[in-house]
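This briefing concerns one protein chain and is arranged by topic. Please consult it alongside the sequence and the model.

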Amino acid sequence: MLKKVMLVDDDEMLRKMMNALLAKQGFDVIVLEDGPKTLEELKTTHPDIILLDVMMPGMDGFTVCRAIRDNPATARIPIIMLTALDSVENKVKGFEAGADDYLAKPCDTAELVARINVLIRRAEAIIPQLPAPVITDVAREPARSIAVFSLRGGSGVSTIAVNLAAGLSQLWGMQVALVDMVSVAGQSALFLNQSLRNTWADLCKMEVIDEEGVLSAMLPHESRVRTLASPRRPEESELLTPGKVKTTLEILRSAFPYVVLDMPHDLSERSLTGLDQSDVILIITQPEIASLRAASMAIEIFEDLKYNEQKKIYIILNWTFPRQGLAFNDIERMLKSKIDLILPYAADKFVTALNIGNPPVLSDPEGALGVIFEDIAMALSKEAQRKMRPDQPTAAWKRVTDRIRTKKKG
Ligand SMILES: Nc1ncnc2c1ncn2[C@@H]1O[C@H](COP(=O)(O)OP(=O)(O)OP(=O)(O)O)[C@@H](O)[C@H]1O
Ligand SMILES: [Mg+2]
């Protein structure tokens, strides 16, 4: 059967041209000229993919995209946004609206067709939903939740959370849950180039939160990281009540061997629920005064909460800037704690990784950053799992154990 492509663009010339081009490629093309007509048509037609122009008079492409995602009947149709404005800002806006891909006009025919085919195939693979995560014996014992936290924004919390989650999934060949605990404009999914097909908000709208619901709200990724994304719209953040967050995290802990939390920079009740549910907390700090004060405040509060008796707390010094920072001794003195790990300044490596939605631990596992995150993943793995050779060791596991062996020898 021919695949149905719905093309939405206000430009008549372009509609004619693309229609001819796509028909020639063997697609069944449905052409529409604006948002309202598209939403009306979608009540009766179910295309395999939608190509959506961004700039249209009246209702713009982002709004149409959001409306398509908000309707359960159409929420899973792949969407490619087409635009004359090729900017990162638009790309981010597109992904936030729930688009799967983004192409600048005029598009190259071969590239357009390739992307259409990839997205259609991916959608067919996702529906019906992915099977529940496979849990092996070692992983069956209590899950390990790791919260990545800083009271100061921009210190690399999301970067570390995403690379750690991906590192764990590569190391053990298992599904790992990545939870965006940021209730407004969270970015975990963006780091993995995942479109916001479903978010926390969809989950919290369900009458009962159960395992099936939680798994279906998570975004799949080829690395086996599954992301529970932050809501698309600010007003939806209120849906994430501490009670619902607690239930969800408990379910995740029973379904996944590892749960990584990308935490907001506050100690709201919701954040505390996340921290309560964690076995390990990574406090991220930068080598400058304001960030160190935030870190030392977090350390004090965690002591008051007796977290230091119940959980493992590690401090990571993240060198997010190229300039000289404070002296190491002064930093430890200020924190009244030892630094457990230093993450070096990586120039624009992380920024580029974010722009293309591919974290270094996946794109370049043998590069300097990949090595660091694979090693962190091993260090933070469950003790029982660390001690045993897996039945089917992954490439990442072999690399990490080789490095450990070499270090021991040296
Ligand atoms: N070691 C590093 N070297 C260079 N740049 C870094 C490093 N760590 C993080 N960055 C960059 O710093 C910026 C902030 O990182 P990130 O978004 O991970 O922090 P965050 O604490 O989650 O911030 P937010 O307040 O937005 O949630 C990003 O552009 C990231 O690429
Ligand atoms: Mg963040």
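T248 is buried, with a relative accessible area of 0%; buried means under 20% relative accessible area, exposed over 50%, and partly exposed in between, with a 1.4 Å probe and protein chains only. T248 belongs to helix α11, residues 242-255. Helices (H or I, at least four residues) and strands (E, at least two) are DSSP runs numbered from the N terminus. With neighbours within four places in sequence set aside, T248 is in contact with W200, L203, I209, V214 and L228, where contact means heavy atoms within 4.5 Å.

**Basis of the model**

- This is a predicted model, in which local features need pLDDT of at least 70 and side-chain atom pairs count only at pLDDT 80 or more, while totals for chains, interfaces and linings use all residues.
- Residues are numbered from 1 along each chain as its sequence is written, chains are lettered from A and ligands numbered from 1 in the order in which they are written, and side-chain values use heavy atoms, with hydrogens and water left out.

**Overall architecture**

- The chain contains 20 helices and 12 strands.
- Along the principal axes, the C-alpha atoms fill a box of roughly 70 × 45 × 45 Å.
- Of the contacts in the chain with a separation of 6 or more, 75% are between residues 24 or more positions apart.

**Surface and charge**

- Of the 410 residues, 51% count as buried.
- The accessible surface is about 19000 Å², and 53% of this surface belongs to carbon and sulfur atoms; areas come from the Shrake-Rupley method with a 1.4 Å probe, and for residues only the protein chains shown count as cover.
- There are 49 positive and 55 negative side chains, and the centres of the two sets lie 6 Å apart.
- In this count Lys and Arg are positive and Asp and Glu negative, with His and the chain ends not counted; each charge is placed at NZ of Lys, CZ of Arg, CG of Asp or CD of Glu.

**Nonpolar cores**

- A nonpolar core is a set of buried Ala, Val, Leu, Ile, Met, Phe, Trp, Tyr and Cys residues joined through side-chain atoms within 4.5 Å.
- The largest such core has 38 residues, and V179, W200 and L252 have the most contacts inside it.
- Residues up to four places away in sequence not being counted, V179 touches W200, L228, L249, L252, V259, V260, L261 and D262.
- Another core lies apart from it and has 37 residues, including L192, L369, L380 and W397.
- In soluble globular proteins, nonpolar side chains tend to be buried together.

**Buried arginines**

- R197 lies in the loop between α8 (188-191) and α9 (200-205) and is buried, at a relative accessible area of 12%.
- Beyond residues up to four places away in sequence, R197 touches R69, A75, R76, I77, P78, D100, D202, L219 and R232.
- R69 is part of helix α3, residues 61-70, and is also buried, at a relative accessible area of 3%.
- Under the same exclusion of residues up to four places away, the residues that R69 touches include R76, D100, R197 and R232.
- The C-alpha atoms of R197 and R270, 73 residues apart along the chain, are separated by 23 Å; for R69 and S271, 202 residues apart in sequence, the C-alpha separation is 27 Å.

**Loop residues**

- A185, in the loop between β7 (176-180) and α8, has a phi near 55°, a positive value in a residue other than glycine, and counts as partly exposed at 47% relative accessibility.
- R224, in the loop between α10 (211-217) and β8 (225-228), likewise has a positive phi, near 80°, and counts as partly exposed at 43% relative accessibility.
- Q324, in the loop between β11 (312-318) and α15 (328-335), counts as exposed at 79% relative accessibility.
- Q324 and E288 are 36 residues apart in sequence and 9.5 Å apart in space, C-alpha to C-alpha.
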